[in-house]
Amino acid sequence: MATETAVADRWVEEFTRVCNQDEELQAHGKFFDCSYLLDMGSHKYQIVMHHGKVEEILVDPGPLDLRYQFLIRAGEDTWREFGKKEPRPMAHGIWAATFREDMELEGDLLVLMQNLRCVTRQMELLRVSGVPVHEEVSAPQQREPST
Amino acid sequence: MAQFSPVTGHYVTIDVLGDECKVFYLENGEGTPLVCQHTAGCHNHQWRYLLEDEDITSNYRVIAYDLTNHGKSDPPTNKEWWKQEYRLTADWYTAFITSFCDALELEKPIFAGCSFGGNEALQLALRHPERFGGIVSIEGADYSPGFFLDWWQHPHANAAQVSASGVWDLMAPQSPDADRAATWFYYTQGSEAFRGDLYFYSVDHDLRGRLGEIDTSTCPLVLITGEYDYLTTPEDSQRTADGISGATFIKMEKIGHFPMSENYPVFKGYFQQALNQIQEESQAAMAR
């Protein structure tokens with residue numbers, strides 16, 4: 001459990017850094033304000049965005065910790081593929097995986113659509129930061145940046 | 001030193017079921033006419049590389065038009081289109097293409113359409129095989145439900161960004177950033193037509209149970225589909241080809257739903273395969 005906590009902590013730090021330094025996200029994120037949940041099976045991560053910056057990431061938030069507007073849920077295998085530089089077809093995007101894999105979009109989808117450009121880019125940054133589903137695929141130093 | 005493209009643009013006014021349509025098209029090359037249809041909510045710049053590819057234009061007269069309501073082809077000039085909801089139908093779409101080919105006096109052109117153009121390619125194969133020298137259905141299938149969505153025009157969201165980012169995942173992650181970005185950019189320009197185009201794509205186009213009626217004996221039909229296309233998957237196109245006597249299916253690897261625009265070098269090889277297949281089948285048909 002301590003290892004998993006360390007993985008989560010490292011990922012939170014790395015994903016925050018990658019997002020907040022990403023030229024594309026920062027160029028278009030002036031109004032990127034929302035809070036959403038990434039449900040990755042054994043763990044959940046709540047991403048709180050403000051003016052295009054990661055303001056906070058909650059790891060396994062409690063049911064009433066902080067409200068969120070929508071969630072993106074998929075099994076660990078889907079997220080693991082999603083995070084690869086060349087993911088298998090249908091696990092390569094949130095629309096693709098929702099139409100063809102086990103990914104689900106829930107909550108206020110209008111907020112997702114309002115922020116779709118930035119959310120789409122932010123999800124792709126998981127290919128730079130790594131995905132915190134298994135230690136061997138979550139270490140960012142094993143993966144080249146996608147840009 | 002200024003660089004001028006050999007591609008030229010023209011307008012032609014045609015009648016489509018009573019609608020007066022001033023149609024913009026780009027063209028380059030000499031040889032067999034190759035009429036190219038862009039995808040839903042987009043315009044002819046998706047064919048920008050093909051239009052300037054001498055390997056193609058040395059043998060084909062490439063003609064890429066903007067369908068009415070797209071790009072530089074305005075909505076019909078003789079109707080109050082702004083008082084109606086735009087919904088493209090198979091009847092109108094088919095009439096547009098045959099009227100356009102008549103206006104340019106094209107004899108036995110090859111038609112290549114992608115996505116909703118790939119579906120329309122199948123409509124042409126069913127309705128007018130005698131008019132075409134061959135048909136390439138790119139990312140096409142007998143039926144492709146699920147994309148006639150209100151999100152494309154929802155007033156509470158940025159329709160340009162929803163349309164463009166909504167189709168982002170239709171491209172393969174391996175495709176070059178610059179070409180994916182250009183394709184995204186085109187999609188920010190067509191959100192008003194996008195939803196209505198998808199009425200055809202996901203609702204009005206339904207050839208389930210009718211594939212057996214398609215006659216490929218004089219009009220070869222090739223379907224090509226990218227493996228990263230989550231709307232019309234290779235399995236969908238394979239199933240469709242299997243239902244049509246004489247049709248060929250080619251799966252494209254490491255590419256998605258906008259192949260000619262998102263990664264032309266990869267697309268080109270498969271597209272040439274399709275054109276060669278059509279040429280071989282045409283020659284075999286003539287020899288019979």
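How many residues has the largest nonpolar core, and which have the most contacts inside it? A nonpolar core is a set of buried Ala, Val, Leu, Ile, Met, Phe, Trp, Tyr and Cys residues joined through C-beta atoms within 7 Å. The largest has 119 residues, and those with the most contacts inside it are B:Cys36, B:Val62, B:Ala64, B:Ile135 and B:Val136. This is a predicted model, in which local features need pLDDT of at least 70 and side-chain atom pairs count only at pLDDT 80 or more, while totals for chains, interfaces and linings use all residues. Residues are numbered from 1 along each chain as its sequence is written, and chains are lettered from A and ligands numbered from 1 in the order in which they are written.

In chain A, A:Gly52 is buried, because 20 other C-beta atoms lie within 10 Å (buried means 20 or more such atoms within 10 Å, exposed 12 or fewer, and partly exposed in between, with C-beta atoms placed from the backbone). A:Gly52 and A:Cys34 are 18 residues apart in sequence, yet their C-alpha atoms are 9.3 Å apart in space.

The table lists contacts (C-beta atoms, placed from the backbone, within 7 Å), leaving aside neighbours up to four places away in sequence.

| Residue | In contact with |
|---|---|
| A:Gly52 | A:Leu25, A:Gln26, A:Gly29, A:Lys30, A:Phe32, A:Cys118 |
| B:Ala64 | B:Tyr25, B:Leu26, B:Cys36, B:Asn44, B:Trp47, B:Leu51 |

Where the two chains meet, the contact takes 17 residues from chain A and 17 residues from chain B.
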